[in-house]
Amino acid sequence: MGPNKEPLLEVKNLRKYFPIKDGLAIKSYIKAVDGVSFTINQGETMGLVGESGCGKSTMARTIMRLYKPTDGEICFHGNNLATLKGSQLLPYRKRIQMIFQDPYASLNGRMTVGDIVGEALDIHKLASGKARISMIHELLHKVGLEPDHAIRYPHEFSGGQRQRIGIARALAVSPDFIICDEPISALDVSIQAQIVNMLKDLQSELGLTYLFIAHDLTMVRHISDKIGVMYLGKLVEIADSKTLYKSPRHPYTQALLSAMPIPDPRLASKSRRILIEGDMPSPIDPPLGCRFSTRCQYVHSQCVQEEPKMREISSGHHVACHT
Amino acid sequence: MNNISPDLWQPITYEDRDKERIARPSMTFWQDVWRRIKQNKSAMLGFVVIMVILLLAIVGPWLSQYSYWEQDLSNTSQSPSFEHWFGTDGHGRDLYVRVLHGARISLAVGLIATLVNFVVGVLYGGISGYFGGNIDSVMMRVVDIISTIPLVLYAILLMVVLGPGLLSIIIALCSVYWVRMARIVRGQILSLREQEFIFAAKSLGASPFRILVRHLIPNTMGTIIVTITLMIPEAIFTEAFLSFIGLGISAPKASWGSMTSDAIGGLRSYPYQLFFPGAALCITMMSFNIFGDGLRDALDPRLRK
Amino acid sequence: MGEKILELRDLKTSYFTHIGEVKAIRGISFHIHRGEAIGIVGESGSGKSVTALSIMRLLQHPGKIIGGQITFKGKNLLQKSIKEMQCIRGNEISMIFQDSMTSLNPVFTVGNQIIEVILQHHKISKKEAKVKAVEMFKLVGISSPEKRMNQYPHEFSGGMRQRLMIGMALSCEPTLLIADEPTTALDVTIQAQILELMKDLKKRLDTSIILITHDLGVVAALCSRVVVMYSGLIMEEGSIENIFYNSKHPYTQGLLKSIPKANWKDKDKLISIEGTPPDLLGLPDGCPFMPRCSYAMEICKREQSPDFEIEENHRSMCWRLHDEAPKIETWMKRGDFHGTK
């Protein structure tokens, strides 16, 4: 089934600032997410790439409404989630789910795998007794685990298995939309492929829509229809994944692509890397003008003074860069 | 290796293999803790002694022909003998029964005070830590204020209002000791609530109460239990101290504190009257402390694989 | 190629836990020449980090080396006393860990810590040590070293700290540098910086490098030889060319297939290795990779295959390399087969 063009999630100008307090007075803000807009269509996967500290996890949690957005809209099926409170969110908890990064910290070590997977069933009163148990077994089966794993505790599993338990937990409420917050970053490469393939299979089986977050571009293209690149709280480039890999326009995207390890010694010895120097500036006090200007090799005077606007350079390909 | 039979070269099907096999036995967190504490000899000794004291305190007084309040003025201040194992006190009461009766009082005070502290402290600290922000600030200032008032002052004030006795001691202990538990629990929860499994529970739609009870508190249980085992001896000692200075249990009820206090006068002539309740107090306190230390080691996550 | 500076022969390391013996390394042999960089590749639990710790003799209780030899510059490291080992560690063999935050003491300035390391291993004055430290900061590409020296570890970013660790490890010009997943915790752009740095330093200082990683892609840029480990055994060893273009072991092939290719086409699906690495406790007989292998045969269940030498410097532990083993067609006929070649 191909992605039909109906938007499922529209994020408009989303901002999340964390106050830094000095006693009772607010001293300044960490601008973790600073005006991000994008749309994800039904059945589609959007990849979101950026290095640690760029605000991608904060954004995921804000869309999930684990954080209250400072500003902006989160439209899910046309309903704005940004302004909802407490129990008003409960119906959406069944439709939007999340898979987490750390397979060790994301499972409660004092609960059995069955209880972890079945928690959503209890909360939303979806099943109880025998039906609950058989649903748990079915969910475990979906992610390639055995029914008798349900009585074990998370610490007995390997990283990849734990991540699959996390996936089963998210699937329990049969959601439409899953935010995958770096689900593979903490795993071995061989297991990463396993998880990516599993997510893809589940997508075609259950018609899911994903927001897939990663910290590099290596795996993202295998699952994403379009990819957004984030830097210091802002999106710098969005394009469908083929275009992004073939003709990246933003210097940061180019650097990210060239930094990818090349699993081919003959090519690796020939290729020239664009190395970007230094580190990402602090989100408390981001540079004026273009946020990448401090590390960009093509920087000129306009970049330092004026913040580049997102503009469409070809159909579906948006870049925020002056050059 | 030249003669390998041809059937060994047969491919095997996927179904024949168990690629998700988990070899190690399933063990819950508490089973693992119990296994580790069993290896700790001194902690186990402490545990056994606590159990023995508990048992003696419960059934001991019934097995004796004497009672703690019956005076036998013809047999005052007898040395330990077959008749009276620990001897008798200045009123001719059997010291063995009185020490065991003291154990009842001490353990009851320790357990009740700790239980109340546990419930109040864990809930208070849990709520404060989970909600954070201004709620946390206000709740913690209240805790700060309570912890500045000395316990003895409390106890004396309560005695004035309620009169001396077991109830006043327990109320005094309960109204102060939970503060420490609340602080410890709050600290733990503050660090736990940023963990991903809490976010996961929130995104499933779990209510704050559920998150607190199902996720946060079970994960702080280790620290809570260690705090409890170390709080019990302290409560026991405080009770003994208050009774010793005459603010606690009144005659004919026996407490280790009041018994040592009674024995001070005749210390030169009848040292055993001080020795037995004193020794009981020491042994109990030591056992709880050693066991608590062992428990802390067994729960230490740095030792966990 | 220079002299062999380190050679492991049939090394065995086990952890004796309360539930039984966990055989982390089950007899591995490999060597490294002067100025050479080799990669040890494997999933978590394959024994690659334990190998590094065994070489450094830094195993924590209940881990123990139970057999084999580690020869460093002609001397057996397993016979060295604790004191002698301390002398070798840092001076001749240095190690970089994955987590650079915990390797630095947060209460001292970075400069102090580096000067201390230099002073421990060189008989020079504090002033000279400071000059050396500044040099080293420059070597690993940290700008304004005089200012940076007076800062604390938390003022450095992850990439900076890892550079610093490399700098510290290299400050005594060791013959051998063991890097245990040095870039796993870092962002790609920083990873690229660190790998460039290590490549550059290898050239300049003629240091031998053992790079431990789970990502074959990282190895390609730096190493000339690769050791592939699985469940405490070396499944395949060969030159980088052999491993990448002519791998013989299904596990190596699986690893290669599960990383995205550089010349990737639109609808290529990743081929992953199914299942999970086996628990090292109570390993069954036979090949540990058997349950996940597309080519598994009855014999794989019974017995671990011996090492087959394919050509010089290329060996692999797989029954399929046996002369009598069936040809690839046997599997191609089967429905559930999803290997290639």
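Two residues count as being in contact when their C-beta atoms, placed from the backbone, lie within 7 Å. This is a predicted model, in which local features need pLDDT of at least 70 and side-chain atom pairs count only at pLDDT 80 or more, while totals for chains, interfaces and linings use all residues. Residues are numbered from 1 along each chain as its sequence is written, with chains lettered from A and ligands numbered from 1 in the order in which they are written.

Let's start where chains A and B meet. Chain A brings 29 residues to the contact and chain B brings 20 residues. On the chain B side, α7 (196–203) and α8 (208–244) each supply at least two residues; helices here are DSSP runs of H or I, at least four residues, numbered from the N terminus. The largest share, seven residues, belongs to α7(B).

Next, Ile116(A), which sits in helix α3 (residues 113–123) of chain A. Why is Ile116(A) classed as buried? Because 27 other C-beta atoms lie within 10 Å, and buried means 20 or more such atoms, again placed from the backbone.

| Residue | Contacts (C-beta atoms within 7 Å) |
|---|---|
| Ile116(A) | Leu107(A), Asn108(A), Met111(A), Ile165(A), Arg169(A) |
| Phe212(A) | Thr45(A), Met46(A), Gly47(A), Leu48(A), Cys180(A), Val220(A), Ile223(A), Ser224(A) |

Phe212(A), Ile210(C) and Val228(C) touch the most other members of the largest nonpolar core, which has 190 residues. Apart from that core lies another, of 60 residues, including Ile105(B) and Tyr124(B). A nonpolar core is a set of buried Ala, Val, Leu, Ile, Met, Phe, Trp, Tyr and Cys residues joined through C-beta atoms within 7 Å.

Conventions. A residue is buried if 20 or more other C-beta atoms lie within 10 Å of its own, exposed if 12 or fewer, and partly exposed in between; C-beta atoms are placed from the backbone. Lists of a residue's contacts leave out its neighbours within four places in sequence.
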